[in-house]
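Let's take a walk through a structure together, from the way its chains pair up down to a few single residues. Keep the 3D view handy as you read.

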2 protein chains.
Amino acid sequence: MRYELYYWPEIQGRGEFIRLALEAAGADYVDVARGSKKGQGVAAMMQLMQGQSRIAADQTRLPLAPPFLKAGQELIAQTAHILDYLGPQLKLVPRDAAGRRYTQQLQLTLADLVVEAHDTHHPIASCLYYEEQKAAARKRSKIFIAQRIPKFLDYFEQVLARNPRGPAHLVGASPTYADLSLFQVVEGLRYAFPKSMKHGEKAWPRVAAVHDSVAALPRIAAYLASPRRIAFNQSGIFRRYPELER
Amino acid sequence: MRYELYYWPEIQGRGEFIRLALEAAGADYVDVARGSKKGQGVAAMMQLMQGQSRIAADQTRLPLAPPFLKAGQELIAQTAHILDYLGPQLKLVPRDAAGRRYTQQLQLTLADLVVEAHDTHHPIASCLYYEEQKAAARKRSKIFIAQRIPKFLDYFEQVLARNPRGPAHLVGASPTYADLSLFQVVEGLRYAFPKSMKHGEKAWPRVAAVHDSVAALPRIAAYLASPRRIAFNQSGIFRRYPELER
């Protein structure tokens, strides 16, 4: 099946967690809003969401926001939920039901961290400029760095330590989409808060090892070196404002 | 099966979405942290989460935070994810896979709204007092009321309007856990922002009708009138600070 991923074309954002899974599996997919053919681009994505396109005419179930995935006739939204759907098809979850559930639980926990990472620079509202909420952003970032990053990464370190199949993966004995997402979260935190992560990361050696092993997966390494990987930038979830780290 | 729900005993919070589902189905469950028997109470919940209890000794997969559910030997965390697990068992989702997925997608969209509702009074950090972040809370609430509530409730109004089985439910022709959660969100928003909701709700007649029909389900009506239903208060997700509505 050819998957159609719909997401903003100029940021990694939440779409990146889906892209990483599709890339790691070598799946056949189109990043629709980044395309320039007929029926592609941001306008096509917006029309579908607003129920105005030809594809939307066949749908009674539309998403509120990207990312969403078109798989056959079905539209599926919500980042973690898309990964839960793709997991078995891309062989990125354990085969047993409890293992699949636990992987999704970890993904949703990572999603909570992602919301908090975003809100470090936009604590008041996404619709306002960063400059309009800089004072609050400083306060939120300070606590995020001191308390929230450790809370989450301590937890994932423990998840790895407790894995009966060894600490190389969050669940089971091979990479899951949650490992790929943990890689992305570490990348993002290192980009946004380089000094703090450099200082603090010693406390999370297993997390760092998962990051490195994901980066070394042949398909992921090829993806990261390709133009398909969008660079971090000041429009995404993880942004580098040096003043937020002081 | 007797389910064991673990959640803070003195607030509705995220646990309430699970309680409503268990109550609507007449399920056999224990609200563990509210109990006073041996192995119950908040201490028991904390010990389990921290891997220190007898139950935890059998577990390699521990949650980061409540709510979580013990179902047989399995611990399941993350509110929406617990509902996805319970849905088929409690007959609170459609039987087909696509319908079950769509219900979960809607639940995760409600969960996004719940995070934003919480952050209206805690935009900087949950670990600080409201009084320490009141200025930012006013700014965040203003935009939440003006833009975010309408964005989400307009969406759910459209979801109801597009349901081929009619606008009485979000998905299919009978109540799902997402309907129960929409009830709870409307209750919460009315509690936190009574003037704004009174003024704005006319725009969402289908959403209000779902709220009313859920409240009238015999088991839910009985639950809401029982001491098991904790009242809204100033420790939960939805709080009433009149100054945030001005």
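Predicted model: local features only at pLDDT ≥ 70, side-chain atom pairs only at ≥ 80, totals over all residues.

Let's begin with the pair. Two copies of a chain are related by a rotation about an axis and a shift along it.

What about the place where the chains touch? On chain B, 30 residues are in contact with 30 residues of chain A. The elements of chain B that give two or more residues to this side are strand 4 (74-77), helix 4 (79-90), helix 5 (97-121) and helix 6. Helix 5 of chain B gives the most, with 8 residues. Sorted by class, the side of chain B that touches chain A has 16 nonpolar, 8 polar and 6 charged residues. And since 100% of the interface residues of chain B are also interface residues in chain A, the copies meet through the same surface.

| Helix | Residues | Reach | Expected at 1.5 Å a residue |
|---|---|---|---|
| Helix 7 of chain B (177-192) | 16 residues | 22 Å | 22 Å |

Now for their surroundings. In helix 7 of chain B, 13 of the 16 residues are buried, so this helix is largely enclosed by the rest of the structure. Helix 5 of chain A is mostly covered too, with 18 of its 25 residues buried.

How do helix 6 and helix 9 of chain B cross? The axes of helix 6 (residues 134-162) and helix 9 (residues 205-215) of chain B come within 8 Å and cross at roughly 80 degrees. That makes helix 6 of chain B roughly perpendicular to helix 9 of chain B. On the helix 6 side, the contact is made by B:L153, B:F156, B:E157, B:L160 and B:A161, while helix 9 of chain B brings B:R206, B:V207 and B:V210. By class, this contact has 6 nonpolar, no polar and 2 charged residues.

Most residues other than glycine have a negative phi, and most peptide bonds are trans. A cis peptide bond joins A:P66 and A:P67, with omega about 0 degrees. A:P67 sits in the loop between helix 3 and strand 3 of chain A. In chain B, a cis peptide bond joins B:P66 and B:P67, again with omega about 0 degrees.

Which residues have a positive phi? One of them is A:Q78, with phi near 80 degrees, in the loop between strand 4 (74-77) and helix 4 (79-90) of chain A. A:Q78 has 28 other C-beta atoms within 10 Å, so it is buried. Another is B:K91, with phi near 55 degrees, in the loop between helix 4 and helix 5 of chain B. B:K91 has 14 other C-beta atoms within 10 Å, so it is partly exposed.

Key:
Residues numbered from 1 in each chain as written. Chains lettered and ligands numbered in written order. Axes fitted to C-alpha atoms, helices over the stretch in contact; angles between N-to-C directions. Helix = DSSP H or I, 4+ residues; strand = E, 2+ residues; numbered from the N terminus. Parallel < 35°, antiparallel > 145°, perpendicular 65-115°, else oblique. Contact = placed C-beta atoms within 7 Å. Nonpolar A, V, L, I, M, F, W, Y, C, P; charged D, E, K, R; others polar. Expected span 1.5 Å × (residues − 1). Buried ≥ 20, exposed ≤ 12 C-beta atoms within 10 Å, placed from the backbone.
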